[in-house]
Amino acid sequence: MAYPLFSGNCMVLTILLLVLSGLPCKAQLSDKTFYDTSCPAALNTIRGAIRTAVSREPRMAASLIRLHFHDCFVQGCDASIMLDDTPTMMGEKNGINNINSARGFNIIENIKADLETRCSRTVSCADILAVAARDASVAIGGPTWPVKLGRRDATNASVDLANDNLPRFTDSLQKLRDLFIRTKGLTERDLVALSGAHTIGQSRCFSFRARVNSNESIDPEFARSLREDLPCPADGSGNENLAPLDQVTPNGFDNNYFKNLVERKGLLQSDQVLFSGESTDAIVNEYIKDGSIFRKDFAAAMVKMGDFSPKTGNQGRIGQFCNVV
């Protein structure tokens, strides 16, 4: 008597499997061999272009890592940061943390143009950004990490999402925790490690004026030198004057950034809050004692970040240009 029931269950299961088989399946990112057949020159082309760009301007390494970061934190790693405005869309380039600040767009565009002559509409701008960030780190003496491939590019961008999802130089530690941990699913260690990208690069007076003209949690001589020698005075002048995020080794990927924090010489308020009597202090001290741990954690965090909501399979697009759909 059990057989009819068993047969009925099998029929239900069969129908369910047929229904599920008709649902769209989301592809996953692949390993470094993704372009081996479709565009064998892809990775070497990107690597060569990044080496050239960084050798001409070491600061570009920081800019390219930041560009990838600012892309991934806004609707995932989909090159949406590359899109220009249209009559119906104001893009991420106009975001508070991008306008007159984000750099390296031309490097990515030139790489894309080169690859289009080799294998048209094959390599996504999102993948170029991800690989370029890794190669920029290596070019400046930083760590390497495996970059998964197969991302596709966005068809839209949003200045509002950029403003809401990117950390600001005035953020408190709790605000950073909310963004990195609660919103993006990272850990506190990832937060500190990724902030360590500020061991290279520069920032505008506009972003640290309030800090260096205050007496809160900042070394007085360090603040004076930025106010007067840079200069970045309280009167609002010198907005575009640049200062290294790490004054000691501005073009070297090392752990001096964390040493600066202990000495109250973090350039940005969002840097200094990482060493402010909170649980992140222990991670900062760990990275000071052993820079290899920082490098390892930074690489691991970059891999995690590269997995943020990628468009794969039949999602998104792969066009001829990065800046227009």
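Helices (H or I, at least four residues) and strands (E, at least two) are DSSP runs, numbered from the N terminus. This is a predicted model, in which local features need pLDDT of at least 70 and side-chain atom pairs count only at pLDDT 80 or more, while totals for chains, interfaces and linings use all residues. Residues are numbered from 1 along each chain as its sequence is written, and side-chain values use heavy atoms, with hydrogens and water left out.

I begin with the largest pocket. At least two lining residues come from each of α3 (59–72), α7 (173–183), α8 (188–195), β1 (202–204), α9 (205–212), α12 (269–272) and α14 (291–306). The largest share, seven residues, belongs to α3. By class, this lining holds 19 nonpolar, 13 polar and seven charged residues; Ala, Val, Leu, Ile, Met, Phe, Trp, Tyr, Cys and Pro count as nonpolar, Asp, Glu, Lys and Arg as charged, and the others, Gly among them, as polar.

I turn now to the helix pair. Helix α2 (residues 42–56) packs with helix α5 (residues 125–139) at an angle of about 50°, their axes being 9 Å apart. Axes are lines fitted to C-alpha atoms, for helices over the stretch in contact, and angles run from 0 to 180 degrees between N-to-C directions. From α2, the contact (heavy atoms within 4.5 Å) involves Leu43, Ile46, Arg47, Ile50 and Val54, and from α5 it involves Ile128, Val131, Ala132, Asp135, Ala136 and Ala139. Nine of these contact residues are nonpolar, none polar and two charged.
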